[in-house]
Amino acid sequence: MRSRARVVVIGGGIAGCSALYHLTQESWSDVLLLERDEITSGTTWHSAAQVTSFGMNQTMVALKARSIALYRDLAADPDHPVGYNYGDGGIRLAGDARTMEGYRHFASMARGMGQHWEVIDAAECARRHPLIDTDGLAGGLWDPHDGHIDPSQLCNALLARARRAGAEVVRRCPVTAIARQGEGWHLTTPMGEIEAEIVVNAGGYRCNEIAAMMGHRLPVASMEHQYFVTEDMAEVRDAGRRIPLLRCPISDFYSRQERDGLLVGFYEQDCETWGLDGIDPDFTMDLSPDDLDRVMPVIEGAMARMPALATAGIKQVVNGPITYTIDGAPLVGPVPGLRGAYCITGLRAGLGEGGGHGWLLAQMIVHGEAEVDTWCLDPRRFLAHGTVAYTAQKAVEDYRNEFRFHFPHEHRPAGRPLRTTPLTGTLVEEGAHMGVVAGWERLEYVAPEGFAEAHSFRFTDAEPLIAREVRAVAEDVALTEISGFSRFQLTGTDVHAFLERLSCSRIPRKPGRMGLTYWLNGHGCLKSEVTVANVAPGRVLLGSAAAAQWHDRDWMDAHLGPGEDVAITDLTTSHTILLLAGPRSREVLSRAARGDWSAAAFPWLSVRTAELGVAPATVMSVSFSGELAYEIHVPNESLAAAWRTLRAAGAATLFGSRAVESMRLEKSFLHWKADILTEFDPYEAGLERFVRDGGGYVGAEALAARKAAGPTRRLVTLAIDADDAPARAGASVTSHGGIVGTVTSGAMGHRTGLNLGLAFVKPACAAEGTALEVDMIGTSRPARVIAPAPYDPGFARLRR
């Protein structure tokens, strides 16, 4: 075994095997995989091994398409053939019209990724799957690519190719210690010591044993999962074709053909976590005891949907651990706070997605960024709230809802409330409907007592409430709390030079002034959106999205030069923003705080410290709504006092984030990780006004090359001819039936009366006035490209 390696991958399941193989595909051959026992001896060996193309966002669809293409290639390799039943097809059932509308949205999204899924009625479901009963069935989503694969053959085929490219694989070699050594890592094993530049945690359900050796913890919990395999069934044997895969959110089960029988798996409500208090070191190629009594309600539902199961014999029961994260999506990417550490774990559907996960991870390691935006997989999307208990509660919730997708604005209740401010209780008492952002409870809108939103892909009964709040902001004054925004204080003599090296935008240097800036990655594409405020000489405040806290801190730490005089203090959990907006907001602020707050003394993009009554605060004249507005940053211990002062000064009406979303689209303002993606540069995103002349910043040369090459896409504002539904992220934009782009954000603009969307489209379709269509819940809706900022395009209202 080599004693040095550029990359050491720990874990020999599908995650580790795929990562190793794809690193060699990126021409890195000095790579080593260590497996504590045998290849696939963790979860992979007992996987139900279904391979689908279904995903709930474009990144996941791309992952699965990549996996399918790879597996088909491996299956055709005569040297290491892989058993792969590709193209059996599969149906996701639906029991109501709302679910069918969701499927129509996902089918629209898939079209933009080159995938064709069909939304079919109940009769067609029965025609394609001869074993199902259609009672209570509304229809389903047909995926023609569904199939299943042999896990052991798949992993060994990947490793064979990796070995041929120079990689090394060592079995029965547990890692017993990992220590930081300079910029790299020192690993201890029974077979010797290893020095590595990069360590990849692909440990499956043992990922936190590896993480603990590196001084951190991953938000991953394991769940017991059971399936059984039937004896041969005449109904399967005599069907004349392979039985499609089935996933049923009505009764929480799935099935696929296994030889001349069926494999049937269960997601029971009375589910069990596994291994939270430690895992037996000898648990390998092993299972938990069968417990079919626990899944009996699901079995009964499966038999009702597939009556042939009632007379089928059971020849094998499997009860093994599978891993979940807080939101059910894997962790693939950099480990927060640890340079040279990556993970690829939490793959509850590992076989189906693993080929794509390894592909993305290898790109991140070798090139610094993948070719598609990977935020939905990034380990840094979960912050300090990802405790063992919280992760377990969310894993249970997600397991119980395995085949039930999230509706827009649906925030499920497990583990809530977790991250709160001193005002959370007060807001709820005043009728606030709360959503969740990075674990923080955040005001979405105010509703009457007893109101419960009927979540849908259409406009919901919350829309009139949102419209009322928009009207208050536009015509009078309103107040809200914005919890959890990432906030850093930078001090030192080199702060401005440091920020100018990070940002493609002009950095404000005058005390009392602020500005919006953009950070790029090494490929010249958008990395972060950051507000820079010069509060006082030598003291700068940075603000960014709530979920970006660890992401942006990692980026700053990675680019801080040796000896640079820059101190970074994280204020995210110690301060909260109160947002005062509307034409009367200057009047209210003047009553609440001493000093001259006139337009001459405190113009747009100003910042100063003040006292609201007795509460210290930092006030910024900045607006995401397009109206005159002030962000008031307050230490949490004084938050209630500042709130009372503003209410007493005349801020009587509350508004929430859904109103802000409506208003920011009327201004064509962008949202990080909705419209600001690592796949696009500032010119493509319409942010060229934020790119300063000259270079000297991260990504400058790459950006210049991209500009010279011309855009691949352009971000446009669309006015959509539809009054029943907004455009949802992922919906396909078409022209004469052909796909030309994808929606990133959408909402009703209540001040303009326009149903608005932002979308990246082909440059030829980006001219103002271009007629397009948006595929919304199964119907093509007319749309046209309009000028950005249809509301107050001259920005007069926020400057007054």
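This is a predicted model: local features need pLDDT of at least 70, side-chain atom pairs count only at pLDDT 80 or more; totals for chains, interfaces and linings use all residues.
**Helix 2 against helix 9**

I started by listing who touches whom here. From helix 2, I noted Thr 59, Met 60, Leu 63, Lys 64, Arg 66, Ser 67, Leu 70 and Tyr 71. Across from them, helix 9 brings Leu 351, Gly 352, Glu 353, Gly 354, Gly 355, Gly 356, His 357, Trp 359 and Leu 360. Sorted by class, the contact has seven nonpolar, seven polar and three charged residues.

Next I looked up the geometry. Helix 2 covers residues 58–75 and helix 9 covers residues 350–367; they pack at about 100°, axes 7 Å apart. That angle makes helix 2 roughly perpendicular to helix 9.

**Whole chain**

I stepped back for the overall numbers. The chain holds 18 helices and 39 strands. Along the principal axes, the C-alpha atoms fill a box of roughly 85 × 60 × 50 Å. How much of the chain is buried? Buried residues account for 61% of the 800. I also checked contacts between residues at least 6 apart in sequence: 72% of these join residues at least 24 apart.

Six strands close it, in the order 34-37-36-35-38-39, with antiparallel pairing. On average, neighbouring strands of this sheet are turned by 45° against each other, direction ignored. I looked at how strand 34 (residues 714–720) meets strand 39 (residues 779–786): they run antiparallel and four bridges join them. Leu 718 has Val 785 of strand 39 opposite.

Which helix lies across strands 35, 36 and 38? I found helix 3 (residues 97–111) there, over strand 35 (732–735), strand 36 (738–749) and strand 38 (771–776). Helix 3 runs at about 60° to strand 35.

**Strands 1 and 2**

Strand 1 (residues 4–10) and strand 2 run parallel, joined by four bridges. Val 8 has Leu 32 in strand 2 as its bridge partner. I checked which way the strand 2 side chains go (residues 31–34): Val 31 and Leu 33 point one way, Leu 32 and Leu 34 the other, and all are buried.

**His 216**

I went looking for His 216 and found it in the loop between helix 6 (207–213) and strand 13 (220–230). Is His 216 buried or exposed? Its relative accessibility is 18%, and the cut-off for buried is under 20%, so His 216 counts as buried. Setting aside neighbours within four places in sequence, I listed its contacts as Ala 211, Val 335 and Leu 338.

**Ala 160**

Ala 160 sits in helix 5 (residues 151–164). I have it down as buried, at 9% relative accessible area. I also took its C-alpha distance to Phe 459, which is 299 residues away along the chain, and got 52 Å.

**Helix 16 and what follows**

Last stop was helix 16 (residues 639–648). Its buried residues are Leu 639, Ala 641, Ala 642, Trp 643, Thr 645 and Leu 646. I jotted down the reminder that residues three or four places apart in an α-helix point the same way, because there are 3.6 residues a turn. Just after helix 16, I found Gly 650 with a positive phi of about 125°.

Conventions. Residues are numbered from 1 along each chain as its sequence is written. Side-chain values use heavy atoms; hydrogens and water are left out. Two strands pair if DSSP finds at least two bridges between them. Helices (H or I, at least four residues) and strands (E, at least two) are DSSP runs, numbered from the N terminus. Axes are lines fitted to C-alpha atoms, for helices over the stretch in contact, and angles run from 0 to 180 degrees between N-to-C directions. Contact means heavy atoms within 4.5 Å. Buried means under 20% relative accessible area, exposed over 50%, partly exposed in between (1.4 Å probe, protein chains only). Angles under 35 degrees count as roughly parallel, over 145 as roughly antiparallel, 65 to 115 as roughly perpendicular and the rest as oblique. Ala, Val, Leu, Ile, Met, Phe, Trp, Tyr, Cys and Pro count as nonpolar, Asp, Glu, Lys and Arg as charged, and the others, Gly among them, as polar.
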